[in-house]
Amino acid sequence: MAKKLPLSFYRQDDVTSIARQLLGKVLVTSIDNVRTAGVIVETEAYAGIRDRASHAWNNRRTQRTEVMYQPGGLAYVYLCYGLHYLFNVVTNVKEVPEAILVRALEPLDGIAAMQHRYPHKNTVKMTAGPGSLCKALGIDAALNGEQLTGNRIWIENAPAIADAQILAGTRVGVQYAGADALLPYRFSIKDNKWVSKGKGL
DNA sequence: AGCGCGATGCCCT
DNA sequence: GGGCATCGCGCTA
């Protein structure tokens, strides 16, 4: 089994750089003693208080966003549209509320368990999209605030993806953010069929 | 293939 | 009250 990424990885200060570095790394959950894992193929950076698309824009601080203000290396899991959980990685240091949304995975381990949690006609769609991958990996509100160096959810190291293999585009579903909606903060591995179908890449 | 819609909780005018 | 970091279905072609 590959090595877990250390807390120092998450505490770097450039959220878009970390979002690029996360591509190719392996997101793992161990829930009820079942290991499910997938290669991260798509991410979105949310640049804290200066980014209108971020939950922490303008220093917005609520019970929900509180975990973003903690030191990097925690899971930020929240409910979207009242029914989908979305998994984010909290980055940077304490009081700097930046995070990265994981949008798509290439299934690696525990594929049968994923299919059981999230029966899907088309296996390619099982982990394409932030709500889908949470369902497949069993991620819900119980993992909000969990340390990513613990034994329930973590990210394992893997070789970096070369810049030439990374596509950058606009983030999905953030039109309300005005000019910030145009920032190229969505990253994916070029020509990877497991990337979600949202526009902008 | 692409649009419209409903589910449904948290956070803001 | 309205909009959202979504998804799958059922409808149009």
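N192 touches V41 and E106, residues up to four places away in sequence being left out of account, where contact means heavy atoms within 4.5 Å. The model is a predicted one, in which local features need pLDDT of at least 70 and side-chain atom pairs count only at pLDDT 80 or more, whereas totals for chains, interfaces and linings use all residues. Residues are numbered from 1 along each chain as its sequence is written, chains are lettered from A and ligands numbered from 1 in the order in which they are written, and side-chain values use heavy atoms, with hydrogens and water left out.

N192 is found in the segment after strand 8 (186–189); helices (H or I, at least four residues) and strands (E, at least two) are DSSP runs, numbered from the N terminus. With a relative accessible area of 16%, N192 is buried, the classes being buried under 20%, exposed over 50% and partly exposed in between, for a 1.4 Å probe and protein chains only.

N59 is found in the loop between strand 2 (34–46) and strand 3 (75–80), and counts as partly exposed because its relative accessibility is 47%. Y81 is found in the loop between strand 3 and strand 4 (84–91), and is exposed, since its relative accessible area is 72%.

DNA strand C is surrounded by 21 residues, of which H84, N88, Y118, G173 and Y176 are the closest; a residue is near a molecule or strand if one of its heavy atoms lies within 4 Å of it. Of the atoms of DNA strand C that come within 4 Å of the protein, sugar and phosphate account for 61%. Strand 4, strand 5 (98–109) and helix 4 (130–137) each supply at least two residues of the surface near DNA strand C. The residues of this surface divide into 11 nonpolar, eight polar and two charged, where Ala, Val, Leu, Ile, Met, Phe, Trp, Tyr, Cys and Pro count as nonpolar, Asp, Glu, Lys and Arg as charged, and the others, Gly among them, as polar.
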